[in-house]
Amino acid sequence: MAGGFALATTLLTPRPGRAAPPTAAHAQRIKTLLARMTLDEKIGQMHQPAGGRQKALNSKIDAAALDLVRQGGVGSYLHVAGAQFLRDLQKVAVEESRLKIPLLFAIDVIHGFRTLYPVPLAMAATFDPEAYRACARMAAVETSVSGLHWTFAPMVDVARDPRWGRVVEGAGEDPYLGSAMAVAQTEGFQTKDLAGRDTVLACVKHFGAYGAVAGGRDYDSADLSERTLNEVVMPAFHAGKTAGAGSFMTAFNDIGGVPTTANAALVRGQLRDKWGFDGIVVSDWNAIAELIAHGVAETPAQAAALALKAGVDMDMAGGVYAAHLKSAVAEDPSLLPLIDQAVGHILLTKARLGLFDDPYRFGDVAREKTVMVSAPHRAIARDAARKAVVLLKNDGALLPLAKTAKVAVVGALADDARSAIGSWKARGEETDAVTLLAALKTRLSGVTYVPGAAPRSDDLSGVAAAVEAAKAADVTLLVVGEDFDHSAESRSRADLSLPGGQKALADAVLATGKPVVLVVMGGRPLAIPDLLAKAPASLMTWLLGVESGPALADILLGEASPAGRLPMGLPRDAGGLPETYAHYPTGRPANPDLAQDTARYHDLDIGPVYPFGHGLSYASFAYSDLTLDKATIGPNDTVSVTVAVTNTGKVAADEVVQLYMRDPLAAVARPVKELRGFRRLALKPGETRRVTFKLAARQCAFWEAGRWRIQKGKIELMVGASSDDIRARAAFAISVDGWSDTPAAALLTPVTVA
Ligand code: BGC
């Protein structure tokens, strides 16, 4: 059969990147299957119905669903779970369907399956890819013993506008940090061998420019330059692909009028042909059907044809392929080879997961009872949660608290277990979460708790009691922010101040003049400049997962020093968004002097309250001896950048050493600063360690007319503790022009510590 042969040839062609080319055995199996499959069976493989709802997994697997599986009408289910349940379901596919092709079971494991670790934005704040890898590995174990093969993570959408509620699911504003976190998650979920033990298939999403939705409105259009698309948005996707991610999901939205689910240039052209991706491309939920609402297809059959032509292999939840692809083929037989290609990708993925060899490889009823929220898994979640806490401010060394202190805990979020586990929770249960209040009560004797006011209520009747508690205490922990449902999908907000009665509560407690530590929770940066100015100490603590309370108590009581860093700046006002530390210089750079006409608002101070990379410690650190091993390098060379970092404080602590670059003179304007390396390292008091970054000239390339140009000239380097706390500077030169084939920010800088 011609289609099958063409497919096998395509699959056997080596592709760039890390995914192993299909073995001859896989290719042969796929060829044989394709030759035997009817068109209905092929389209069946491309159909991914919901097997349940997020809140009621498996609820849609009824007699009709099983019949469809028997007919070969389903390739994959999402929103299903459970080792025994999925074993039984798989049995129907591999024993009762004609071709016995195993099903793929998928679920959103965004920050844990049962053991929920910090939300992704908080994980990015750890600046510790190894911690992220450990969390993803743990999640993969729990997911895979529950019979699931596939998670819809990592979400790698770079986002510079926290009005977008989905910033909680990503790694923040920076493409380099995003790339590092994409790799850590992908490798944590999949390991190096998808057919190995306890793996799950990763899904890099949402391919396109979903993080660039206009005004931060979820699902809305993105309209951005080719340069921003390639330099800022694409790197983390490329990094995830290179790390071997076995699937990609297309975004809901359009870029300049082209919905990504129908964007052949981006999906087929860039991802498939240029980057060599040969895994599954799945649509987002119902996104093929929504091509009609976008106004690019008139009928479901046209929508199906467009998505197929664009390179979308599997239709999530919408059922458009299942119901309409056949009639699209009847009208346009040239779609047939594209169907074979799509089915080939799906079958290849099933083969890579080892499902043809053992369709019951995933799912372990006995281990399912022992691994969930086990002590080792809690330990991994606690380590990550501690690492994610960002100390924003600590005037007068108010933190850590003395263990003898009389502490008032004010704010309903302090005891909100549901919020601790975040909005995506897979099989997480709020009863697994230990809140800050619960943890503090076990560690301190004098704790008074007054909820005061809540994020979802304007009721201020509790404020007076909170004020009394603050007056009577030595120190007040003022716990405010957003609950789990204020951020996430479709939770865009135009106003980023504190919701509900919390602002009035905070103002009243701060007005007591007593020491107050502001503990800010939530899934996105909030605009609370006045509270951050007034409170002597403040922490950004996100939504930290099941070990929220114990981890936060560790930090508050000084059992661990904070070292988290902001993965997105904290804005002054939603009206100043979007913004990033990595902006262009402009012809009239922002100037504090309002008498000058410069790139700023007249009614808002310049820049964020705290920028990308900011985060303090209970220790202090000195940076010295910044040296480069070469003054000039060629376009294919690297330069080693070494700096000595000393803990000059009194406690053991982590420091996040950050390397930024700038190309001060180029054919196009370059950002004022771009992260190109970081390392979180532990230092004892008085200890010095030397950190070496090996930076390649290719990492300084910029997008110009469809290519990555490395332009000769000077590159400035900045090393420091934050994007606005640069401690040492140096420069090197690139001797001649050159070209690169990889997004500059997708290339990760090797770092060694001596
Ligand atoms: C989201 C995806 C998610 C999918 C399946 C969609 O609404 O945009 O991120 O993976 O649902 O739950």
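Strand β21 (residues 674-683) is mostly covered, with eight of its 10 residues buried. This description rests on a predicted model.

**Strands β20 and β21**

The partner considered here for β21 is strand β20 (residues 653-662): nine bridges join β20 and β21, and the two run antiparallel. Within this pairing, valine 657 has arginine 679 in β21 as its bridge partner.

**A four-stranded sheet**

Another part of the model holds an open sheet of four strands, in the order β17-β19-β22-β28, with antiparallel pairing. The edges are taken by β17 (621-628) and β28 (751-753); each has a single partner strand, so one side of each is left without a neighbour in the sheet. Direction ignored, neighbouring strands of this sheet are turned by 20 degrees against each other on average.

| Strand pair | Bridges | Direction |
|---|---|---|
| β20 (residues 653-662) and β21 | nine bridges | antiparallel |

**Serine 723**

Serine 723 lies in the loop between β25 (713-722) and β26 (725-734). Is serine 723 buried or exposed? Its relative accessibility is 3%, and buried means under 20%, so serine 723 counts as buried. Leaving aside residues up to four places away in sequence, serine 723 touches Tyr581, Pro611, Phe612, Gly613, Gln658, Tyr660 and Lys673.

**Helices α8 and α9**

The model also contains a contact between helix α8 (residues 175-190) and helix α9 (residues 226-242). Their axes come within 8 Å and cross at roughly 20 degrees. Angles under 35 degrees count as roughly parallel, and α8 and α9 are therefore roughly parallel to each other. The crossing in which α8 passes α9 is right-handed.

Which residues of α8 and α9 meet? From α8 come Pro175, Gly178, Ser179, Ala182, Val183 and Thr186, while α9 brings Glu231, Val232, Pro235, Ala236, Ala239 and Gly240.

Technical notes:
Residues are numbered from 1 along each chain as its sequence is written. This is a predicted model: local features need pLDDT of at least 70, side-chain atom pairs count only at pLDDT 80 or more; totals for chains, interfaces and linings use all residues. Side-chain values use heavy atoms; hydrogens and water are left out. Axes are lines fitted to C-alpha atoms, for helices over the stretch in contact, and angles run from 0 to 180 degrees between N-to-C directions. Angles under 35 degrees count as roughly parallel, over 145 as roughly antiparallel, 65 to 115 as roughly perpendicular and the rest as oblique. A crossing is left-handed if the near helix is turned anticlockwise from the far one by less than a right angle, and right-handed if clockwise. Contact means heavy atoms within 4.5 Å. Buried means under 20% relative accessible area, exposed over 50%, partly exposed in between (1.4 Å probe, protein chains only). Two strands pair if DSSP finds at least two bridges between them.
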